[in-house]
Each structure stands twice: as C-alpha cells, then as structure tokens.
Protein chains: 2
Amino acid sequence: MALVAVHEARSRAEAALLCAGATPANAALQADLLIEAELRGIPSHGLLRLERLIVRIGNGVIDPRATGRHEWRGEGFLHVDGQNGLGPVVADAALAAICERAQRLGVSVAAISASNHIGMLSYYAEAVAGRGQVAIALTTSEALVHPFGGRTALLGTNPIAIGVPTANDPFVIDLATSLVSMGEIHDRAHRGQPIPPGWALDAHGEATTDPEKAKAGAIAPFGGAKGYALGLAFELMVSSLAGAALGRDVRGTLDDTAYCNKGDLFIVIEGNSGQGEALSRYLDLVRDTPPEAGFDRVLIPNERARALREERLEAGLPLAEAVWDKVLRLSEEGKR
Amino acid sequence: MALVAVHEARSRAEAALLCAGATPANAALQADLLIEAELRGIPSHGLLRLERLIVRIGNGVIDPRATGRHEWRGEGFLHVDGQNGLGPVVADAALAAICERAQRLGVSVAAISASNHIGMLSYYAEAVAGRGQVAIALTTSEALVHPFGGRTALLGTNPIAIGVPTANDPFVIDLATSLVSMGEIHDRAHRGQPIPPGWALDAHGEATTDPEKAKAGAIAPFGGAKGYALGLAFELMVSSLAGAALGRDVRGTLDDTAYCNKGDLFIVIEGNSGQGEALSRYLDLVRDTPPEAGFDRVLIPNERARALREERLEAGLPLAEAVWDKVLRLSEEGKR
C-alpha cells in the first residue's frame, strides 16, 4: 500500500486527464469523482478507473471536452445527448440545469444517453441534498446480474442513490441491485479465496463458489425476487426515458473501445425545509436503537463512509501500489 | 372458502361503503381497490379491510366524502391535504392532476398527507403506465420493520411500485421493503406453523420462529442492509415531501380510532413511446432465459398476478368464509 496525500493524488489524476485532452474544469470534475471514491473507501470507483478513461479518450470513444447537448422535452424534462463526454461532466451539467428548474417547478428530471461511467451515485445525491433538494439517481450498466431463477447475466448492476436533506448532514443511500459487485468477485479471485454460496453462477448457469468461474458467469440480484424486480424496473425505466440500450446490448462501461450506450436518470424534487428537524430526530432514534445480538450498533447509511472521508482527508489515501504507480505513469506520460 | 362472482362481491362492498356515507363515486373506487387485490391474489389488501374502513368511518377518522385539498407549491409539485379521505379517492384525484401536468411539463409529483390506506400500490402504477407514462409510487405505514442490526420496529413496510409503459402490457413492480408482510406472520400464527429463522424478532428483540411472538415484535427488512437502506430512504423522502409522521409516530393504518398520518408520494414522468418495442423485446428475452436448477421458469414481475386476475374474472373470487360473511353483514347492516 502507498499512503498518498489527497492533493497529490488529485493533481496527478488531473494532470493525466488534462494531458489526454480534457479541459481544466472537466479534468478537475472527473478527478474529483475518483478521489471522493477513494476517500469514502470505494476503490472500485476510484483511481483504478483512471487508466481506462485515458485509454478510452485515446481510442476516441470518450470526448473529454463534451458536456452534453441539452434538449428540454417539456419544461421539467431534460433529455441529454451526452456526446460521449466524461460521465461526471455530462451529469454535472445536467444536474445544474434541473436543480435550477426544480427550484421553480418543484420537480425536474434529466434522462441522459451517450455518456460515460458516472462513478459513485452518492456523489450526486449528496451534493443535491446538501443544497436542500431531494434527489433520486439511477444508472444502468453492462449485463452482469442474472434474473432471479435465471441462468445468464441479463441485467446491469443498476444502482440507485437517494439523497434527502435533513437538519444536519444530508441522508444518502447508494446501493447496487446486485448482491455483490463484480469488483468483489475479482478481489476474491486475486486473493485465491472462494466466494460464498449464492453469490454467483458460472458461465453455464450453475452455482459456483469459484471466483474465477464466477467472473465468466453472473452475479445474483440482492434480496432474491425483490432485488431482481427493482433491478429490472430500473433497467426499463432508465432505458425508456433516456433511450438507452438494454441488457446485453449495453457496452462501454467495462471495455476500452465501445461507445457507451447505457443511460442515467436524475429526479430532483424541491425539499421541504420544515421537516429537517423531524428527520434528524428520527435518524437519532434509529442510530441509538439497541443492536441485535451479533451487531455493535445500528448504522445509518453513508455515515461510515463520511467518517472515513474525514479521516483520509487528514491521513491520506491508502492506494494499492499498482494503482498509484499507474497514476504516476499516466501523469508523467502525459507531460512528455 | 366461498366462491363469489366478482360483480356480487363488488356490489356488496360498494353498498357497505355507500351506507357508511361514501358518495357513489368514492364507494366504487374504494371497492375497486379491494376487489382488484382479491383478483390478483393479494387478500391482505382485499375485502378483509372493508370492516376496518367502515368502523373508521363510523369513528369519524375517515371522511368518506373528502377528495383532498390541492395546493400547487410549484407548477409541477402538488401537495395534497387528504382531509382524512379514503386513501384511493385522495390518491386518484391527486394522480389525475399530476398526470395531466406531467403531459405538459414532462414530470409532476404529488405528496399526500392526512389520507388513509391507499391499498395495492401496483393499482396506481399500472393505471398510469397503461396510459403511457412512467410512475413511481411510495407510501409509508406504521413501524413494523426493524433496522438491519437493530432490535425494535422503527420503519414502516414502506413499499415501492414502479410502472413503465411497453409495447404490450405495462411493466409493473410492487414490493414492500420488509422481508415478509405482517399478514404472512399472522397467517402462520393462525395455522399454528413456525416461521423460518430470519423473518422476525420478538418483543425483546430476540430472533424467534414463533409467529405469536413475532406479532408483538418486528419483521426483518428484505435483503439485509440494502433493503433496510431503501426502506429508511423511502420513510425519510415521503415524510420530507409530504410532511408525514415518521417511525413509531405513524398511526391510523392498523387501528380503528387514530387519524392516519402517514404519507404517499407519486412521481409521474412523461414516457418515451419510441422505446416500447425495445422494452418488450428485452422482457421477452428475460422471460425466455433458461431457468436455474430448482426453478420452472424466470418470472416477470406482475405477470402471475395479471394471469390470476383473468382467471378470477371468469371463475369468481375465492374468499375466506369469515371474510365474505363479514362483507354480507356489512352490506345488510347498511341497508337497515
């Protein structure tokens, strides 16, 4: 592990993106997504992803200068053609537009197609809720999850994030509708450890505890039939509104050469500031409820990540050597 | 079991509500919710609930003539004071208003407080999607679910329904964020059968397989920490926007005497009719995927309920004798 100061990691990531052709603003925003993921202990959405971004820019399937073309299909409904831009850049521009619109109308929606991986959804939900509005964020991805009772991967990991303003820090959830991430399967494979029964199927649709076989197979939905239903509904809703690809036709979130054709959906609703105190009191009650046998305490979603963030802002980011070496190389290569 | 013709069950339920003071339109709508639940095989939301509605009307905590007072807090955001009206009546009036608004703006939201139990959420999601719009429906309820890792009930069963138009029947999901319903626990108790480990805690927060003890305790969230996060987010989001009560302060969905203070939230988004064919082709692919060992086939949410509905429209409703006797008595009493 390398322990790297946040400003050092940030400036290296920005440098690499700048040299790949991103504008300063776009490089800063994309780097911020990667750094925030590292700060919150979600390395699967962190600097690990920098190389793919740079390679995809080099291959012409990401345009690092694009911010997306906005088309209001109704006063409250924004459709965005992402013009193959960096996911966070396109998402941020769309959110800025609909947050302003929601202030006036009470609600506004953005449906985004032809944009790249937008990173941690909680980033957006927390930012919106921090400004006093309720946010729902959805994004689709390549098919990695099998239907409940089915043998093959037909659904994305299709996460949802929700942000709600309170009297204190915003309340935020961010969860995939898969039982685990493909990153966790790869991590087990890397460490030579089996995966628990029920996590995944192999390429033939048979249950497996071998992470190598699972990598070629499919992950289970979380929560059985209910998690499957949610993941399927998100796949359909996002595709319907954004005009995005579905299931196995989705490309460009796990490869270097395909245009990204998944969709993103943001719903922003003007918050009710009168309820903030009541929500915070209720969250205190939940946090302080006696834990069940086997648990230390009841957790409120996102609070552990937020505490870790504070810690790492001081202490620095613990990065895998290979990841940090790659970031250094990418930022040096760019300068030549 | 009594096998009752649908029109007979419907007219009896309507008669009971009419005599309790509902207008003909309100009686028909409330009865329709109960009948549709029976048709779809969800008796927990069916005629079983008629008696409580009549008693609550008699006790003055439901006003069977109210349709709700509408206040547009923005052009796209409707706040509804339900005026203690029948849940379906208030919900239907709110939905009519926002579906029209969404046609023009692209999106519209209704947040409802002071309304009664709205029944099956899928009813609303399916109706909206059937008219070509995307619907998200949320409602809160009395605290029956414990936080993941916590000992006591602090969350409602907080269901979500989503409806998406396709080229064929609308796609609809409707699921509680609890692992099972309290109705299922009561059913096990009634039949003297144990409940599986993991379903519930007793009144002291200890794991139990005794349904009698579970009735006084708390149900688990579905899907562990993720289902808990969703249920908590829905509780907060609905309360924030509707101004509804939270957790243990929620009353009036399980008793005869308290004003109902939970909240409902509907989001309607103008659909993209151009995607209908693609969604239907994808659903065909999911439906036809080979089943995993131990499964007959892969199910699409709501399709089994829809098939059962067709069957029962012909064959009639199989009702528990006690439930049907009560409906008959309520409709006769009303006439006197």
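Predicted model: local features only at pLDDT ≥ 70, side-chain atom pairs only at ≥ 80, totals over all residues.

Chain A brings 75 residues to the contact and chain B brings 74. The size of an interface is often given as the accessible area lost when the parts come together. For chain A and chain B the buried area is about 5,900 Å², and carbon and sulfur atoms give 73% of that. Helix 8 of chain A, residues 224-242, provides the largest share of the side that touches chain B, with 14 residues. Sorted by class, that side of chain A holds 47 nonpolar, 20 polar and 8 charged residues. The count of salt bridges between the two chains is 0, while 28 residue pairs are in polar contact across the interface, both partners at pLDDT 80 or more.

Now for the chain itself. Chain A is divided into domain 1 (1-65 + 303-336) and domain 2 (76-179 + 220-274), and 22 Å separate their centres, taken over C-alpha atoms. Within chain A, 23 residues of domain 1 are in contact with 27 residues of domain 2. The two domains bury about 2,100 Å² between them, with 56% from carbon and sulfur atoms. Leu33(A), Arg56(A) and Arg306(A) supply 28% of the area that domain 1 buries against domain 2, more than any other three residues.

Between these domains of chain A the count is 5 salt bridges. Asp256(A) forms a salt bridge with Arg52(A), where the closest N and O atoms are 2.8 Å apart. Polar contacts link 13 residue pairs across the interface of domain 1 and domain 2 of chain A, with both residues at pLDDT 80 or more. On the domain 1 side, helix 2 (24-39) and helix 3 (50-58) of chain A each supply at least two residues that touch domain 2. Helix 2 of chain A gives the most to that side, with 7 residues. By class, the side of domain 1 of chain A facing this contact has 10 nonpolar, 5 polar and 8 charged residues.

Terms used
Residues numbered from 1 in each chain as written. Chains lettered and ligands numbered in written order. Heavy atoms only, no water. Domains from an automatic or database assignment. Contact = heavy atoms within 4.5 Å. Buried area = accessible area lost by both parts, 1.4 Å probe. Salt bridge = Lys/Arg side-chain N within 4 Å of Asp/Glu carboxyl O. Polar contact = N/O pair within 3.5 Å; in protein donor to acceptor, adjacent residues only side chain to side chain. Helix = DSSP H or I, 4+ residues; strand = E, 2+ residues; numbered from the N terminus. Nonpolar A, V, L, I, M, F, W, Y, C, P; charged D, E, K, R; others polar.
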